[in-house]
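Open the model in your viewer and keep the selection tool at hand. The tour goes stop by stop.

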Amino acid sequence: MSKIEMLKLLDRDSVNALVLPEQILFAVREAFYLHSAGDGQNFPVVREALSTGGIFGIKSGGIANQGVLGFKAAGFWPTNRALQGEPHQATILLIDPTTGRPLCVIDGNVITTLRTGAAGALGLEMFARRGSSRLCVFGTGVQAGIQVDYALRVMSGIKHVTYLTADGVPSAQFESQFSDRVSMRHSASANDAVSKSDVVITATPGGRCCLTWTPSNPVRTSTAWVQTPRAKGKCREGFCPRPESLSTIELKLVSSAKRNGRRRHQ
C-alpha cells in the first residue's frame with residue numbers, strides 16, 4: 001500500500017464534462033457480456049423504506065479480472081420535488097479490491113440516468129420491429145427525456161414522437177429537446193397515441209392506468225415497452241405484457257448477451 005493515498009472526488013459538473021452517451025451505451029452492453037461470461041459479480045441488493053418517506057438502496061458488484069469493485073448508494077426521495085430538486089439521488093464509490101481503500105467518490109445521478117436510457121435502448125435494439133418510425137412516450141421528465149434520446153440513437157428510423165403529459169398540457173421544454181431530430185406531437189389521448197405508434201415508452205411514476213381498452217376499441221400493441229419500476233402495471237389486463245412476459249424479455253436479454261458474450265470471448 002502506497003504511503004501516498006489519494007481519494008478522488010467527481011462532482012456533477014465533472015461527471016457531465018467527462019461522460020459521453022456513446023460511452024455509457026458501450027459500458028452497459030459490456031456489462032451484459034461480462035455478466036454472461038461469468039466475469040462480473042452482482043452482490044445482494046439492499047432496498048429499504050425510510051421513515052422520511054424515501055427509499056434507500058445499495059447495489060454493489062465487481063469485475064475480478066479487471067480489478068474493479070464498488071457500489072452505488074441510491075434511492076428515491078419524492079419530497080425533493082417540493083424543493084425543486086431531483087427525487088432520484090445516487091452516489092458511487094469505487095474501491096481497491098486488493099486493499100479495500102476507497103479510490104473515487106462519484107456523483108451518480110447523471111450516470112444512473114444515462115445508464116437507464118442505455119439499457120432501454122439495448123432492449124429496443126433487440127426487440128423493436130425493424131422499420132419502426134413512430135414512438136410514443138408517457139411522461140416528460142428526466143427519465144422520459146433520456147429514454148427518447150437513446151431510442152433515437154439506436155433506432156435511426158424513428159421520425160415521429162408523440163408524447164403525453166400528466167396534466168394534458170403540451171410541454172414546450174420537452175419538445176425543444178428533440179424538435180431538431182424528429183417531429184414532435186403532443187396528444188391528450190393515450191389510446192390514440194399508442195394505436196398510431198410502433199414503440200411505446202412509459203416513464204411516469206403516476207399511479208393510475210395509462211390506457212383504457214375494450215375488445216370493441218382495440219389498441220395495437222406496441223413492439224417494445226421500456227418501463228420504469230413504478231410505471232409497471234399501468235395498463236389493463238389484456239393490453240400490457242403480463243409480468244411473466246416482462247420476465248421473459250429480461251431472460252431473452254440475458255440469453256442474447258450470453259450468445260454475444262460467447263462470441264466476444266472466444
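Which backbone oxygen lies 3.0 Å from a polar atom of the side chain of N80? Select N80 and E86 to find out: the oxygen belongs to E86. Bear in mind throughout that this is a predicted model.

**Stop 1: around N80**

Stay on N80. The residue sits in the loop between β5 (68–76) and β6 (88–95). Despite that loop position, N80 counts as buried: its relative accessibility is 17%, and the cut-off for buried is under 20%. Now show its neighbours. Leaving aside residues up to four places away in sequence, N80 touches G85, E86, P87 and Q89.

**Stop 2: the whole protein**

Zoom out and colour by secondary structure. There are seven helices and 12 strands. The protein has 266 residues, and 39% of them are buried. Next, consider contacts with a separation of 6 or more: 60% of these join residues 24 or more positions apart.

**Stop 3: helix α2**

Select residues 21–36, which form α2. Check its length first. The helix has 16 residues, and at 1.5 Å a residue it should span 22 Å; the end C-alpha atoms are 23 Å apart, which agrees. Then highlight the buried positions: P21, I24, L25, V28, E30, Y33, L34 and S36. Step past the end of the helix to G38. This glycine follows α2 and has a positive phi, near 80°.

**Stop 4: where α2 meets α4**

Show side chains at the contact. From α2, pick P21, E22, I24 and L25; from α4, pick Y150, R153 and V154. These contact residues comprise five nonpolar, no polar and two charged. Of the α2 group, P21, I24 and L25 are also among the buried residues of that helix.

**Stop 5: Q147**

Stay in α4 and select Q147. Is this residue buried or exposed? Q147 is buried, with a relative accessible area of 4%. Finish by selecting T116. Its backbone oxygen lies 3.3 Å from a polar atom of the Q147 side chain.

Terms used. Residues numbered from 1 in each chain as written. Predicted model: local features only at pLDDT ≥ 70, side-chain atom pairs only at ≥ 80, totals over all residues. Heavy atoms only, no water. Axes fitted to C-alpha atoms, helices over the stretch in contact; angles between N-to-C directions. Helix = DSSP H or I, 4+ residues; strand = E, 2+ residues; numbered from the N terminus. Contact = heavy atoms within 4.5 Å. Nonpolar A, V, L, I, M, F, W, Y, C, P; charged D, E, K, R; others polar. Buried < 20%, exposed > 50% of the residue type's maximum accessible area, 1.4 Å probe, protein only. Polar contact = N/O pair within 3.5 Å; in protein donor to acceptor, adjacent residues only side chain to side chain. Expected span 1.5 Å × (residues − 1).
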